[in-house]
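The report below takes up strand pairing, aromatic contacts, a disulfide and a pocket, in that order. Please look over the sequence and the structure before reading on.

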Amino acid sequence: QVQLVESGGGLVQPGGSLRLSCAASGSIFSINAMGWYRQAPGKQREFVATLTTGGPTHYADSVKGRFTISGDNTKNMVYVQMNSLKPEDTAVYYCAAGGRMTTVAADYGNWGQGTQVTVSS
């Protein structure tokens with residue numbers, strides 16, 4: 001079992017930046033990919049970004065060029081730097097971990113509890 005804990009959410013003005021962090025612990029040897037998802041009120045959870053350990057990254061079109069996912073294997077951490085934030089980025093952001101790189105939420109077997117990001121003036 002893998003435990004994931006997100007942090008770094010908060011309230012930010014449009015055009016601002018936030019960096020979310022996700023700390024992984026437990027059976028981390030089973031992790032080959034990590035991802036970020038988000039869920040706005042009344043909407044389905046949607047893919048944001050993913051990366052493999054030491055490998056490529058992939059982004060949703062809605063965040064490409066504004067968000068950057070990165071990882072630190074030495075600290076068992078994954079991050080997402082979010083720039084040029086828009087009100088439509090408002091959501092609960094979740095960290096996910098799994099055995100392969102995918103954009104399909106159901107393929108990730110481990111999830112964090114989420115952290116709220118609110119973009120508003």
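Is Trp111 buried, partly exposed or exposed? At 26% relative accessibility, Trp111 counts as partly exposed, where buried means under 20% relative accessible area, exposed over 50% and partly exposed in between, with a 1.4 Å probe and protein chains only.

## Basis of the model

This is a predicted model, in which local features need pLDDT of at least 70 and side-chain atom pairs count only at pLDDT 80 or more, while totals for chains, interfaces and linings use all residues. Residues are numbered from 1 along each chain as its sequence is written, and side-chain values use heavy atoms, with hydrogens and water left out.

## Strand E4 and its partners

Strand E4, which covers residues 33–39, is mostly covered, since six of its seven residues are buried; strands here are DSSP runs of at least two residues, numbered from the N terminus. E4 pairs with E5 in the antiparallel sense over six bridges, and two strands are said to pair if DSSP finds at least two bridges between them. Tyr37 has Phe47 in E5 as its bridge partner, and in the hairpin of E4 and E5, with six residues between the strands, Gly42 takes a positive phi near 80°.

E4 also pairs with strand E9 (residues 91–98), again in the antiparallel sense, over seven bridges. In that pairing Arg38 stands opposite Tyr93.

## Aromatic contacts

The structure holds four aromatic pairs, a pair being two rings of Phe, Tyr or Trp (its six-membered ring) with centres within 6.5 Å, where planes under 30 degrees apart count as stacked, over 60 as edge-to-face and the rest as tilted. One of them joins Tyr37 and Phe47, whose ring centres are 5.7 Å apart with planes at 70°, so the pair is edge-to-face. This pair links Tyr37 in strand E4 to Phe47 in strand E5, ten residues apart. Tyr37 is buried at 1% relative accessibility, and Phe47 is buried at 13%.

Tyr37 also pairs with Trp111: their ring centres are 5.1 Å apart and their planes are at 65°, so this pair too is edge-to-face. Because Tyr37 lies in strand E4 and Trp111 in strand E10 (residues 110–111), the contact ties together parts that are 74 residues apart in sequence. Tyr37, Phe47, Tyr108 and Trp111 form one aromatic cluster.

## The disulfide

One disulfide is present, defined as a pair of cysteine sulfur atoms within 2.5 Å, and it joins Cys22 to Cys95 with an S to S distance of 2.1 Å. Cys22 lies in strand E3 (residues 18–26) and Cys95 in strand E9, so that distant parts of the chain, 73 residues apart, are linked.

The torsion about the S-S bond of Cys22 and Cys95 is about -80°, and the disulfide is therefore left-handed. Cys22 counts as buried, with 0% relative accessibility, and Cys95 is likewise buried, with a relative accessible area of 0%.

## The largest pocket

The largest pocket has a volume of about 230 Å³. A pocket is an open set of points on a 1 Å grid over the protein atoms alone, where a 1.4 Å probe fits, with protein on both sides within 12 Å along at least five of seven lines, and lining residues have an atom within 4 Å of a point; the volume is the space filled by probe spheres set on the points, which are joined across faces, edges and corners.

Of the 14 lining residues, Met34, Thr53, Asp72, Asn73 and Met77 are the closest to the centre of the pocket. Strands E5 (46–52) and E7 (67–72) each supply at least two residues of the lining.

How values were computed. Helix = DSSP H or I, 4+ residues; strand = E, 2+ residues; numbered from the N terminus.
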